[in-house]
Every structure is written in structure tokens, then in C-alpha cells.
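Please read them with the structure open.

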Amino acid sequence: MVFDFEKEKLIAELKKRKPKKVLVQLPEGIKKEASKISKLIEALGIEVIFSGQTCWGACSLAYFEAKALGVDLIVHFGHAEFLRTDIPVLYIEIKDILNLNFLLEKSLEYLKKYKTIGFSYSIQHRHELEKIQKFYENKNKKIILSKKLGKIAYEGHILGCQYEGLKAIEKKVNCFLILGNEFHSIGAALAVKKPVFLIDVYNNKIKTMEGIKEKVLKQRAIAIEKLKEAKNVGIISEIKLGQLFGSAKYLVEKLKKQNKNVISISMDELTPEKIMNFYDIDVFIELACPRIALDDSARYSKPILTFKEALVAIGEKSWKELLESGLI
Ligand code: SF4
């Protein structure tokens with residue numbers, strides 16, 4: 001994999017903003033580049049600290065870490081702008097340098113029946129957009145980019161928890177095509193009803209998301225039933241600024257009215273180890289990243305639900321409404 005770290009942008013912005021001390025956040029796959037990036041920043045006379053916390057998404061802005069360290073700028077690599085805070089943030093999106101020709105040609109075999117295609121990309125492929133649009137237009141396909149809605153930074157940009165922009169164009173397209181990885185395309189398949197295909201640049205394949213939704217729905221229906229039967233419930237919130245999908249207070253009140261014992265739990269990052277010692281809890285509801293419950297529930301020893309699913313379990317929403325609005 002070859003990445004372009006937008007070195008010129010980084011240096012130009014740092015010269016303009018003149019910070020004395022910065023906190024740098026790197027996505028997991030890019031942490032190996034820390035020494036290189038450190039040299040670039042130190043050469044400008046700026047003190048640099050790298051966050052060792054995991055940085056799964058744009059929501060994982062190291063705000064509290066930056067406050068504790070007293071830095072005057074956060075440099076957040078690998079994601080587009082998601083949040084603004086009282087501490088300035090410099091977002092460096094990173095470009096993934098690839099030759100997409102083979103995959104674009106290959107995708108036509110899967111898109112034969114479809115004329116109008118809803119298209120979304122993960123941020124590191126944004127620089128390829130114009131070329132991709134031209135390719136499909138020359139093949140007599142119409143490309144409609146997903147809308148810039150919610151916390152999405154650009155038309156066509158995709159995030160694992162923000163699918164309103166795809167839903168907004170769903171009626172106009174025959175299928176969706178996602179350029180990125182499975183995380184985004186599985187999310188899309190859970191959010192929309194039209195067929196979803198992935199240009200999987202990391203495995204050099206085109207994949208259909210057919211059947212994924214049905215499999216996940218079966219697991220989610222079981223988790224919802226478990227919450228209905230549970231006596232002791234734990235509601236987990238993460239302290240990340242960008243992650244609060246639903247209200248813990250609202251659920252505590254509703255669940256208590258149904259004679260359940262409920263506790264509210266706060267943590268920096270939800271992991272199976274961190275909840276293991278809450279032995280007496282039968283079911284957890286997490287208000288952090290909805291993808292933890294949807295994609296990773298097999299890693300947890302107890303059932304774990306999203307806010308939307310909890311609403312179904314307590315009778316505030318029907319299963320049909322959940323399916324209509326999409327799991328994410
Ligand atoms: S909440 Fe989850 S899906 Fe959304 S940006 Fe954060 S890590 Fe990604």
C-alpha cells in the first residue's frame with residue numbers, strides 16, 4: 001500500500017497556525033509512520049506527542065487527551081473533518097495511491113443489470129473520484145453520489161455510522177457501489193434495501209453484499225429478545241466527543257419502569273475485557289459506535305444492543321420500523 005500523507009498540506013498548515021505543541025493521532029495501520037511524521041513536525045520547532053490510543057474513526061478525536069496534555073493543536077490523520085471543538089484540529093485525510101483500472105473493469109460484470117448507480121467512497125479515495133465518474137459514464141452508466149448529510153464531509157463520502165446520504169438517493173438508483181472496505185459496504189447493506197457492491201481495493205476483488213443483511217438481522221432479533229427477558233441491564237457510553245448514539249438517561253427511565261435493574265456505565269473505549277467483570281449484567285446496550293453491536297457482538301460474552309434496537313425491545317419502536325429506517 002502506498003499512502004500520500006499530504007506532507008505539503010501538513011507543513012503549510014503548521015507554518016500558518018504556528019502551534020507550540022501538537023498531539024498527533026494516526027489510524028492503526030499508519031502508526032508505523034510516526035517517526036517520519038515526527039521528524040517533519042520537529043523540523044518546524046514544534047513539540048510533538050503521538051496518541052497511543054486506538055483511533056478507529058473520525059469520531060475518536062483525542063480531545064480529552066489534548067486537554068490533559070495542554071497542546072494547542074490536534075493533528076488528526078486519516079479522516080475528514082467530523083467535529084469542531086475549542087481545541088483546533090488539523091485534519092489530514094491521506095490519499096491511498098492505487099491503480100483502479102482492473103477493479104473498475106471487473107465491476108462491470110456485476111453491474112450489467114444496473115443503469116443508475118449510487119456511489120460512495122471512503123475518504124482516502126476521494127482524489128480518484130473524477131476519473132471513476134468518467135469511467136462509468138463512458139460505459140453508459142449514470143453515477144449519483146450519496147448526499148452530504150449528517151457528519152459526512154463531502155458528497156459521496158461514506159462513514160460507517162452515517163448512511164442518511166445513501167438513503168436520500170435510494171429511490172433514484174438501481175444499486176449502490178462502494179469504493180473502500182467491507183466495513184463501509186456491510187454498513188451500507190444494513191442501511192439500504194437496494195443491492196450493494198464493494199470495490200474491495202484491499203483484496204483486489206468486487207464483492208456483493210447479498211445475504212449479509214439477513215444473517216445480521218437474525219442475530220439482532222435474538223439480541224432484542226434477550227433484552228426483553230433480561231433482569232439486569234448495563235447501558236454503556238463512551239467518553240469520545242463524536243460518539244453518543246442515543247440517551248442513556250432515557251433508556252434508564254424506560255427500563256426501570258419495566259422493572260429491570262439498570263446501571264449506566266462510562267468508559268473511554270468499549271472492549272470485551274472491560275465489561276467482563278460486570279458479572280451480574282444480563283444484557284448491555286451500547287451508545288458508542290453502533291458498529292460494535294452490529295459487527296462485533298460475537299466477541300462479547302453477553303448480548304449487546306444498539307440504542308435503536310433497545311427501543312424495539314422496550315416497545316418504543318416496532319421491528320418493522322427498525323427495518324424501514326435501517327439498522328444504522
Ligand atoms: S462511530 Fe463508528 S462508524 Fe462512526 S465514525 Fe466512529 S468508528 Fe466510524
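1. Is Thr-85 buried, partly exposed or exposed? Thr-85 counts as partly exposed, at 23% relative accessibility, where buried means under 20% relative accessible area, exposed means over 50% and partly exposed lies in between, with a 1.4 Å probe and protein chains only. Thr-85 is found in the loop between β4 (73-77) and β5, and its C-alpha atom is separated by 8.0 Å from that of Tyr-63, 22 residues apart along the chain. Helices (H or I, at least four residues) and strands (E, at least two) are DSSP runs, numbered from the N terminus.

2. On the basis of these comments: this is a predicted model, in which local features need pLDDT of at least 70 and side-chain atom pairs count only at pLDDT 80 or more, while totals for chains, interfaces and linings use all residues. Residues are numbered from 1 along each chain as its sequence is written, and side-chain values use heavy atoms, with hydrogens and water left out.

3. The ligand is surrounded by Gly-57, Cys-59, Gly-160, Cys-161, Phe-183, Gln-243, Phe-245 and Cys-289, a residue being near a molecule if one of its heavy atoms lies within 4 Å of it. By class, this shell has five nonpolar, three polar and no charged residues; here Ala, Val, Leu, Ile, Met, Phe, Trp, Tyr, Cys and Pro count as nonpolar, Asp, Glu, Lys and Arg as charged, and the others, Gly among them, as polar. Because domain 2 (101-210) and domain 3 (213-325) both give residues to the shell, the ligand lies between them, with domain bounds that come from an automatic or database domain assignment.

4. At least three residues of the core come from each of domain 2 (101-210) and domain 3 (213-325).

5. Two backbone angles deserve a look. Most residues other than glycine have a negative phi. Lys-18, in the loop between α1 (7-17) and β2 (21-25), has a positive phi near 50°, and Lys-18 is exposed, with a relative accessible area of 64%. Ile-94, which is not a glycine either, has a positive phi of about 70°; Ile-94 is found in the loop between β5 (89-92) and β6 (95-97) and counts as buried at 4% relative accessibility.

6. Strand β6 holds both Lys-95 and Asp-96. Lys-95 is partly exposed, with a relative accessible area of 29%, whereas Asp-96 counts as buried at 0%. Lys-95 and Val-2 are 93 residues apart in sequence and 8.5 Å apart in space, C-alpha to C-alpha. The C-alpha atoms of Asp-96 and Leu-311, 215 residues apart along the chain, are separated by 39 Å.

7. Where does Ile-117 lie? Ile-117 is placed in strand β7 (residues 116-121) and counts as buried, at 0% relative accessibility. From C-alpha to C-alpha, Ile-117 and Ile-169 are 9.8 Å apart in space and 52 residues apart in sequence.
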